[in-house]
Amino acid sequence: MAPVLEVSGLSTVFHTRRGLVRAVQDVSFTVDAGETLAIVGESGCGKTITALSLMRLIPMPPGEITSGSVKLDGQDLLKVDEPTMRTLRGSKIAMIFQEPMTALNPLLTVGKQIAEMVVLHDKASAQVARKRAVEMLHHVRIPEPERRAREYPHQMSGGMRQRAMIAMALACRPKVLVADEPTTALDVTIQAQILDLIGDLQREFGTAVVLITHDLGVVAETAQRVVVMYAGRKVEEAPVGEIFARPLHPYLRGLLNSIPHVNSARGVDVDEPVRLQEISGIVPPLNDLPPGCAFSPRCSMSEARCTQTRPPFEQKADDHFAACWRA
């Protein structure tokens, strides 16, 4: 079967007073129906801009999608006009935003906001839409959905607001769900519930999920494939098991080494303290990237060619790709 979402050569820039900010550069990936693809990296690496580019929600100006294609069931979302794109958002491709309190309208009840999606995209009557809104709140395990549908966002907890956002995103059964840090600012218990919920709904509706996150624990738990981004570019891609078992790019190795481990699981004395390894330096400004590999100033394996020529993104092993001269 053909992938439900095909992203090819996507590049997004921002025109600023400090120069051209290359937020996303030549990013490509595919997602199959029912699959979860995780996009990971530090803050500022281009994950969220990639997600907003898929939805065509980049503010223009100052932003601009300069090249590439985003094909949803073969239809290039970057070539359709804005009225057509508005009909596709929510019905074919939907997004869960990082902060539900700012994404939800504080002046409308949660039920009305979900119902509006159903009326707009499914052309349903107001009565049918209200019923669907309550059903979706029930689907996302919000207790007393009839009552909660009449409440405003500020009357709900953070976890409930996030569930309401998921209900809204899935109300019209989209083929692709873009989830941008869906568990940010939630406590660990609620995080687990939200991730389980997305997985259950994904299996029920067959939705493909693009998961944007910096939490590698979430990736290990939910994703089938992983794309690693650094300074706006894709630097590694592989199935999730391969990513954790055999990381190739020094940046990904650094990310994995910075995660706390249980000492006994690492084969050391539990009384012996294990110091976490940090990646020195910071992500370079996207308007002033160094020549060659953007990670070379922070890389302990860097050599002369790394600082002069950007390595190609190429296959290093079966279904494992990386952009590193020394991978």
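Biologist: Which residue follows H4, and what is its phi?
Modeller: H4 is followed by Lys123, and the phi of Lys123 is positive, near 55 degrees. This is a predicted model: local features need pLDDT of at least 70, side-chain atom pairs count only at pLDDT 80 or more, and totals for chains, interfaces and linings use all residues. Residues are numbered from 1 along each chain as its sequence is written, and side-chain values use heavy atoms, without hydrogens and water.

Biologist: Where is Lys123 found?
Modeller: Lys123 lies in the loop between H4 and H5. Helices (H or I, at least four residues) and strands (E, at least two) are DSSP runs numbered from the N terminus. Lys123 is not a glycine, yet has that positive phi. Most residues other than glycine have a negative phi.

Biologist: Why is Lys123 called exposed?
Modeller: Its relative accessible area is 68%. Exposed means over 50%, buried under 20%, and partly exposed in between (1.4 Å probe, protein chains only). Therefore Lys123 counts as exposed.

Biologist: Why is Ala231 called buried?
Modeller: Ala231 has a relative accessible area of 2%, so it is buried. Ala231 sits in the loop between strand S9 (225-230) and strand S10 (233-239). Its phi is positive too, near 50 degrees.

Biologist: What makes Asn287 partly exposed?
Modeller: Asn287 has a relative accessible area of 31%, so it is partly exposed. Its place is the loop between helix H11 (250-257) and strand S11 (314-317). Asn287 touches Arg18, Leu20 and Val21, leaving aside residues up to four places away in sequence. Touching is contact, with heavy atoms within 4.5 Å.

Biologist: Which residues of H4 are buried?
Modeller: They are Val110, Gly111, Gln113, Ile114, Ala115, Met117, Val118 and His121. Their cover includes helix H2 (82-88), helix H5 (126-139), helix H6 (145-148) and helix H7 (158-170).

Biologist: What makes H4 oblique to H5?
Modeller: The axes come within 8 Å and cross at roughly 120 degrees. Axes are lines fitted to C-alpha atoms over the helix stretch in contact, with angles from 0 to 180 degrees between N-to-C directions. Under 35 degrees is roughly parallel, over 145 roughly antiparallel, 65 to 115 roughly perpendicular, and the rest oblique. So H4 is oblique to H5.

Biologist: Which residues make the contact?
Modeller: H4 brings Val110, Gly111, Ile114, Ala115, Val118, Val119 and Asp122, and H5 brings Ala129, Arg130, Arg132, Ala133 and Leu137.

Biologist: Why is H1 called largely enclosed?
Modeller: In helix H1 (residues 47-55), 8 of the 9 residues are buried, so the rest of the structure largely encloses it. The buried residues are Lys47, Ile49, Thr50, Ala51, Leu52, Ser53, Leu54 and Met55. Just after H1, Arg56 has a positive phi of about 55 degrees.

Biologist: Which peptide bond has omega near -10 degrees?
Modeller: The bond from Met60 to Pro61 does, and it is cis. The bond from Pro61 to Pro62 is also cis, with omega near 5 degrees. Pro61 lies in the loop between H1 and strand S4 (63-72), and Pro62 is found in the loop between H1 and S4. Most peptide bonds are trans.
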